[in-house]
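Please keep the sequence and the model at hand while going through the numbered points.

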Protein chains: 2
Amino acid sequence: MNYSNEFSRVSQSMKSSMIRELVATTKNVPDMISFAGGFPAPATFPKQMLSEIFEEVVKLEGYDVLQYGASEGDALLKQQLLKWEGYDKLSLDEMLITNGATNAIYYYGKALLDPGDVVLCEAPTFLGSLVAFDALEAELHGIGMDESGIDMNLLSDRVKSLKKIGKRIKLLYTIPDFQNPGGITMSLPRRRELIAFCIEHEIPILEDNPYSRLRYTGKPLPTLFHLAHHDFQRSDIVTEAVSFSKIIGPGMRVAYVKGSKELVEKMGSWQQKVNVTPDCVSQRVVARFLEMGFMPGHINTICHHYHPYLRKMLEELQINMPESVYWTKPEGGIFVWLELPEHINADELFIKARDHKVSFIPGSKFYPTGQERFNALRLKFTYSSLEQIEIGIKRLGQLLKDESA
Amino acid sequence: MNYSNEFSRVSQSMKSSMIRELVATTKNVPDMISFAGGFPAPATFPKQMLSEIFEEVVKLEGYDVLQYGASEGDALLKQQLLKWEGYDKLSLDEMLITNGATNAIYYYGKALLDPGDVVLCEAPTFLGSLVAFDALEAELHGIGMDESGIDMNLLSDRVKSLKKIGKRIKLLYTIPDFQNPGGITMSLPRRRELIAFCIEHEIPILEDNPYSRLRYTGKPLPTLFHLAHHDFQRSDIVTEAVSFSKIIGPGMRVAYVKGSKELVEKMGSWQQKVNVTPDCVSQRVVARFLEMGFMPGHINTICHHYHPYLRKMLEELQINMPESVYWTKPEGGIFVWLELPEHINADELFIKARDHKVSFIPGSKFYPTGQERFNALRLKFTYSSLEQIEIGIKRLGQLLKDESA
């Protein structure tokens, strides 16, 4: 069989992951310092605690967690989540457990999107979501950002022009806290503005929240879901996806969404068809982890672990970067974003950097196809040692000085 | 937001699970004996062994299994699977680990199916797959079966007539061993005929294999994949999905497919977008379970556990059913299928049976929409006690005698 002739239309047009191939070329290069990828530090995984909980859960609750679970997710986990987050008035029907947050984003898209429907997103934004929306055949429109988040003027203009030509805007996708790739956190006034705007224009918001608990300095801001729920009495407008990938470990594939009952039910209906249910053992383990009260202390430990690396990276950028380079100064998360002079193409810089034994992700990878900007790059600070950060940023700084000269 | 107006076309047309609602009406009825559902018996879950392996794996390999895993699945698990199944010449690229077998079926469909493409399947067949193919907007054609499996004459006629009107036949879906819902096992000559036919007509085969290891009597038959691989040198024509749901526990969501590298890669590409990866902890635990050599003994234990229930059910059917009722005599699996006289509608019988405190799944649920047959029903024998089987079949027999009178 020549399957490539048999593939569905979407399957034929799907691109392979450029990042993957790109990053692969930097592997096994001796002395390479990599700020690419999005992996959390293994040192932050609560191995010992989880190991004991896994043992207990399978031994004592195996009859239950090794059996088929509900497509909506483990009720015990949902109860613990609502308690942990302090939503005592939400019902379990307004929540769905999924196999990671990308999985939740996929179901959300399946529920709402017909081919050609418009998805609005920040530009730049998380590549995994861009790829998922692409696979759902959505028409992606990236909206520029400033230091306070998505640019409301650009958003308003775009919505106007899209409506004028009769386009159906199905959703706005945003990462308000420590955004991937920018590290930008949406300000409180901007959050309110965005919610009010989306209520006015009836645009559902998909809030992706993998990083908000990773705050090392400054004051936490309420999520869009929280604001919509408490201040606007319109929690239906926002669906929030929360991932445990960065606060427990991505290998366990446990995430959840909160949102309108009607929408969450439809997403659950897709889950039944696509996955039947997420892994039931892992769901219950997270439930017991929360129930035992380990979460706040563990998140505190992670934040203390990551903070010095962020500080070090910001210090080294300050010391080593030429004046023409701008970078974000996040108070948490795992990424920093560099804006380079207009004439520098980070896709090309990546090749040169590889020869200088330092790597990153070129900024162009975080834009919808055809809307790329090339003079930017993303650095991850959570996977290298402090010494590697010092040496790696020195190498990158020298390279950028040479390029700027 | 009124989300129901915003739902995508497919989402709007998706039916809710009728079986779920049906079965729900029999819950909490005191003294109800249920032969409905498809759950394995919790007594067969290897809780103690798994509990220890989970503990060890998370403690000793947590840095790895709590991290993001490969979209293609855990290489260690794949190696163990190829060893267990004895495919020493297959490469890891010809295998994909998925979040259960339904998930594999979904990716297979995403890789190949455009809306309106034809899927051929046995009639009756597994409801979960019917629902998944429906969600993929395939045009389902159910092909009748005899005691040896799918009817080749009916298949050949259907393929001819579909080709005549220019339809694109994208795949044939089959469950050769202890088929759900029929309990029928495809004979060896039929297997060869089917493969030869599909090679001739270039129709890819999706072989769903959740039950083949649950054989209590008789001789195991080679899978279609095995035959295609060894006897036809055409393993590319068959993709085999194997689930651990019935031999370890469905809560762990671990399944795998073997097939053409090209097709498996495309399925992996869908996995990246939909799930990123299956649960990495569970994957590794299954790998260690296999590596430690527990599987053959454990499967033996399950078979010894289930066999008396199958025997009991067949005995009780023999004693209690009126002559007008025919049933399958499977040598394994978890289901028996009853064919009733033409005038009996099992959808209606279900309501009456509920009043008599016995339940089953009406046969009509296992056919593509519009192709239903109503004078049949499915019984599961793996979830009731021997005493319940005796009483339940007596109740059902009496009811059918009353209906036939």
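1. Ser51(A) touches Glu55(B), Val58(B) and Lys59(B), leaving aside residues up to four places away in sequence; contact here means heavy atoms within 4.5 Å. Ser51(A) belongs to helix α4 (residues 47-65) of chain A. Helices (H or I, at least four residues) and strands (E, at least two) are DSSP runs, numbered from the N terminus. The relative accessible area of Ser51(A) is 0%, so this residue is buried. The term buried stands for under 20% relative accessible area, exposed for over 50%, and partly exposed for what lies in between, with a 1.4 Å probe and protein chains only.

2. A word on conventions is in order. This is a predicted model, in which local features need pLDDT of at least 70 and side-chain atom pairs count only at pLDDT 80 or more, while totals for chains, interfaces and linings use all residues. Residues are numbered from 1 along each chain as its sequence is written, chains are lettered from A and ligands numbered from 1 in the order in which they are written, and side-chain values use heavy atoms, with hydrogens and water left out.

3. How are the two chains related? Two copies of a chain are related by a rotation about an axis and a shift along it. Here, chain B is superposed on chain A by a rotation of 180° with 0.0 Å of shift along its axis (RMSD 0.0 Å). The relation between the two copies is thus as by a two-fold rotation axis. In chain B, the C-alpha nearest the axis belongs to Glu55(B), at 2.5 Å from it. Both copies use the same surface: 100% of the contact residues of chain B recur in chain A. The superposition is by least squares on the C-alpha atoms of residues with pLDDT of at least 70 in both copies.

4. Chain B contains an open sheet of seven strands, in the order β2-β10-β9-β8-β7-β3-β4, with mixed pairing. Its edge strands, β2 (95-98) and β4 (139-143) of chain B, each pair on one side only. Two strands pair if DSSP finds at least two bridges between them. Within this sheet, β8 (residues 205-209) and β9 (residues 238-243) of chain B pair in the parallel sense over five bridges. Asn209(B) has Val242(B) as its bridge partner in β9(B).

5. Which strand of chain B has five of its five residues buried? That strand is β15 (residues 376-380) of chain B, so it is largely enclosed by the rest of the structure. In a regular strand the side chains alternate between the two faces of the sheet. Both faces of β15(B) are covered, for Ala376(B), Arg378(B) and Lys380(B) on one side and Leu377(B) and Leu379(B) on the other are all buried.

6. The partners of this strand deserve attention. β12(B) and β15(B) pair in the antiparallel sense over five bridges, and the bridge partner of Phe335(B) in β15(B) is Lys380(B). Strand β14 (residues 361-362) of chain B is joined to β15(B) by two bridges, again antiparallel. Ile361(B) stands opposite Arg378(B) in β15(B).

7. A search of the whole structure finds 25 aromatic pairs over all chains. Rings of Phe, Tyr and Trp (its six-membered ring) pair if their centres lie within 6.5 Å; planes under 30 degrees apart count as stacked, over 60 as edge-to-face and the rest as tilted. Phe133(A) and Tyr173(A) form an edge-to-face pair, with 5.6 Å from centre to centre and 70° between the planes. Phe133(A) lies in helix α7 (residues 127-135) and Tyr173(A) in strand β7 (residues 169-174) of chain A, so the pair ties together parts that are 40 residues apart in sequence. Phe133(A) is buried, with a relative accessible area of 1%, and Tyr173(A) also counts as buried at 1%.

8. Tyr211(B) and Phe335(B) form another edge-to-face pair, 6.0 Å centre to centre and with 85° between the planes. Tyr211(B) lies in the loop between β8 and α10 (224-230) of chain B and Phe335(B) in strand β12 (residues 335-339) of chain B, so parts 124 residues apart in sequence are tied together. Tyr211(B) is buried at 4% relative accessible area, and Phe335(B) counts as buried at 2%.
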